[in-house]
Amino acid sequence: MKRNRLLKAGLAVLCISMVMAAGLWFLFVATPPTTESDLNATTPDPNLSTAPPEFTMTAMVTTRELEEPSDTTNWSAGVVYDADAEERLGWLNSTGADGEVSMGQYQRYSQNATHEYNRYHHPESDAFDTRVESIRDDLNPDAESLSVNNTSQTYVHYRKRPQSAFEVVPDLMPPLGFIDRVPFEHDGSTTFRGDPVEKYVPTSGWAQTPGTVDDDPDWYISNTSGELYVNQTTGHIVHVNVSLTSKRTAIRAGKWFGESGNRIRIRLTVREDLRDGDLRPGWATDATFDEQSSDRTR
């Protein structure tokens with residue numbers, strides 16, 4: 001009897017150990033598969049031959065660290081394009097611990113030439129000075145001018161060159177492919193600005209970081225809310241307003257004990273119309289700039 005009891009006890013311990021080992025393997029070793037998404041659409045990236053006559057896209061992202069809620073990063077970007085006027089405006093503003101950095105680029109065709117204006121602001125003096133000096137070193141006075149306001153740490157760099165095609169969506173517009181990495185569920189149809197759209201809502205699951213080589217998930221998405229609309233005719237994303245929590249992890253246990261995490265809000269709007277004042281910013285003029293017109297004050 002005693003031997004039977006010992007045998008049963010040993011088998012029980014063995015079973016418990018196997019269950020615990022399997023649980024630990026499942027939580028900490030086995031990589032969870034990337035969560036499938038119903039969404040099969042991308043943000044539009046038109047060129048001069050495919051762009052509608054008028055095109056506007058704006059994006060805003062706010063990221064707050066879960067461990068340090070006061071550590072928040074914001075960026076906003078946009079592009080406005082008018083085919084008839086042959087003009088395009090793009091911008092990117094980001095706010096972090098050092099303050100706000102802003103970049104703007106305006107391009108237009110006129111008299112068989114491409115006119116390009118780049119406006120830049122940086123709150124950190126050394127970073128701003130380095131950028132200004134790099135432009136001055138290569139400045140062509142016959143086709144370029146540079147206006148520098150050292151007090152506000154802002155400059156406008158103008159260049160004139162033979163007419164050449166410019167991108168409708170400029171390089172300074174951040175890539176928006178990360179939207180596709182968030183798992184979405186289809187949630188019926190509705191209308192947006194009078195057009196029929198398919199509605200999607202974000203859902204919890206595992207996501208892979210854009211640009212990684214393998215297919216292993218790097219993030220766990222949870223606490224989702226909001227909606228995403230896809231135009232039924234074009235198949236393009238036209239509206240996003242979603243919030244989610246992402247934790248960096250490649251193991252299932254990371255959904256509770258992630259290495260780091262953020263609370264993120266993503267907003268995106270796409271239009272095929274322009275409003276008065278959308279184009280030709282006040283800082284883009286044809287005047288020749290005097291780069292010594294403003295001295296630094298400290």
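Which residues form a negative surface patch? The patch consists of Glu 65, Glu 67, Glu 68 and Asp 71. The model is predicted. The protein has 3 helices and 13 strands, and the structure holds 5 salt bridges.

**Overall figures**

- Of the 298 residues of the protein, 38% count as buried.
- The protein exposes about 16,800 Å², and carbon and sulfur atoms supply 50% of that area.
- Among contacts between residues at least 6 apart in sequence, 59% join residues at least 24 apart.

**Negative patch**

- Glu 65, one of the residues in the patch, belongs to strand β1, which covers residues 54-65.
- Glu 65 counts as partly exposed because its relative accessibility is 31%.

**Salt bridge between Arg 159 and Glu 116**

- Arg 159 and Glu 116 form a salt bridge in which the closest N and O atoms are 2.4 Å apart.
- Arg 159 lies in strand β7 (residues 154-162) and Glu 116 in strand β5 (residues 113-121), so the pair ties together parts that are 43 residues apart in sequence.
- Glu 116 has 4% relative accessibility and therefore counts as buried, the cut-off for this class being under 20%.
- Arg 159 counts as partly exposed, at 32% relative accessibility.
- A network of salt bridges links Glu 116, Arg 159 and Arg 161.

**Salt bridge between Lys 199 and Asp 187**

- The side chains of Lys 199 and Asp 187 meet in a salt bridge with an N to O distance of 3.6 Å.
- Strand β9 (residues 195-202) contains Lys 199 and strand β8 (residues 184-192) contains Asp 187, so this pair ties together parts that are 12 residues apart in sequence.
- Lys 199 is partly exposed, with a relative accessible area of 24%.
- Asp 187 is also partly exposed, at 41% relative accessibility.

**Salt bridge between Asp 273 and Arg 271**

- Asp 273 and Arg 271 meet through their side chains in a salt bridge, at 3.4 Å from N to O.
- Arg 271 counts as buried because its relative accessibility is 10%.
- Asp 273, at 32% relative accessibility, counts as partly exposed.

Definitions and conventions:
Residues numbered from 1 in each chain as written. Predicted model: local features only at pLDDT ≥ 70, side-chain atom pairs only at ≥ 80, totals over all residues. Heavy atoms only, no water. Patch = residues over 30% accessible without salt bridge, like charges linked within 9 Å, V, L, I, M, F, W, Y side chains within 5 Å. Areas by Shrake-Rupley, 256 points an atom, 1.4 Å probe, with all protein chains shown as cover. Salt bridge = Lys/Arg side-chain N within 4 Å of Asp/Glu carboxyl O. Lys, Arg positive; Asp, Glu negative; His and termini not counted. Charge placed at Lys NZ, Arg CZ, Asp CG, Glu CD. Helix = DSSP H or I, 4+ residues; strand = E, 2+ residues; numbered from the N terminus. Buried < 20%, exposed > 50% of the residue type's maximum accessible area, 1.4 Å probe, protein only. Contact = heavy atoms within 4.5 Å.
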